[in-house]
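Here are some notes to read alongside the model.

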Amino acid sequence: MKNQEMNLIDHLDELRKRLIITLGAFTILLIGSLIYAPAMYRWLVQDLPLKLAVLGPSDILWIYFVLAGVVAIAGTIPIAAHQAWLFVRPALHEHEQRLALAYIPALFILFVLGICFGYFIIFPFVFHFLLSLSGEMFTTLFTAERYFRFVIHMTVPFGFLFELPVIIMFLTSLGVLNPYRLQRMRKYAYFVLILVAVFITPPDLLSDILVIVPLLFLYECSVLLSKIVYHRKCKANEEWRKNEIRSIP
């Protein structure tokens, strides 16, 4: 009993250590990103066909922190993934350790790709479509806070959603998921993804469709990648069994 309590305390200490390192990395990246926040702001609004307004000094600070926070989150993802890998490494086999470590760069790359997809593809279409609805009936006036809140809602969720293929591949390689289970739960997954799309987009049907279609396509890609990983794993296990049988005298 005492050994179990000591093991639990050791695991909690190790978890606290990994969390402190991750939070420390996020804080450092956040402070460093704040230095370049004005430059990021000027780059993001350089092609904007209207002037943004602020209602108070706190709005400016909020915008700088949001921009720096997105950069800090992107930079922290591989660090957090590496710390998680160090935490679970003792429970993994050697080949599982190498496999899990190989997924870390993909997490960062897919997060950045998701942000770019949202900002360069989804956001411009939705933004210009919503502006076109006003026509000449309204005077267009945006506050910087409302504008960047809209940008964040249309971009950051895609960064996390684009992690789906890597997460599913990793869970498949560990045996937690398999493509056949993913196919059986497809209708439930579709329902959840549709809810997510409706939640993160403005309340109009066209915006919902523009987000729902890529998310469903992303899920199907995840199922396909899961099949590839699953069949490779089955083949590797079969070859290992044959080698074990041959080695028996």
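1. The whole structure, which is a predicted model, contains 4 salt bridges. Side chains of opposite charge can pair when their charged atoms come close.

2. E14 pairs with R18, with 2.6 Å between the closest N and O atoms. Both residues belong to helix α1 (residues 2-35), where they sit 4 residues apart, about one turn of the helix. R18 is buried because its relative accessibility, 14%, is under the 20% cut-off. E14, at 25%, is partly exposed.

3. In helix α5, E145 and R149 are likewise 4 residues apart, about one turn of the helix. Their side chains form a salt bridge with an N to O distance of 2.2 Å. Here E145 is buried, at 16% relative accessibility, and R149 is partly exposed, at 35%.

4. The salt bridge between E220 and R186 has its closest N and O atoms 2.8 Å apart. This pair connects distant parts of the chain, since E220 lies in helix α9 and R186 in helix α8, 34 residues apart. Both are partly exposed: E220 has a relative accessible area of 27%, and R186 one of 25%.

5. Which residues touch the most other members of the largest nonpolar core? They are F123, Y147, F148 and F158, in a core of 53 residues. Among the elements that give two or more residues to this core are α2 (37-45), α5 (144-161) and α9 (205-247). Helix α4 supplies the largest share, 14 residues.

6. Leaving aside residues up to four places away in sequence, Y147 touches L44, L48, L52, F123 and F127.

Definitions and conventions
Residues are numbered from 1 along each chain as its sequence is written. This is a predicted model: local features need pLDDT of at least 70, side-chain atom pairs count only at pLDDT 80 or more; totals for chains, interfaces and linings use all residues. Side-chain values use heavy atoms; hydrogens and water are left out. A nonpolar core is a set of buried Ala, Val, Leu, Ile, Met, Phe, Trp, Tyr and Cys residues joined through side-chain atoms within 4.5 Å. Buried means under 20% relative accessible area, exposed over 50%, partly exposed in between (1.4 Å probe, protein chains only). Contact means heavy atoms within 4.5 Å.
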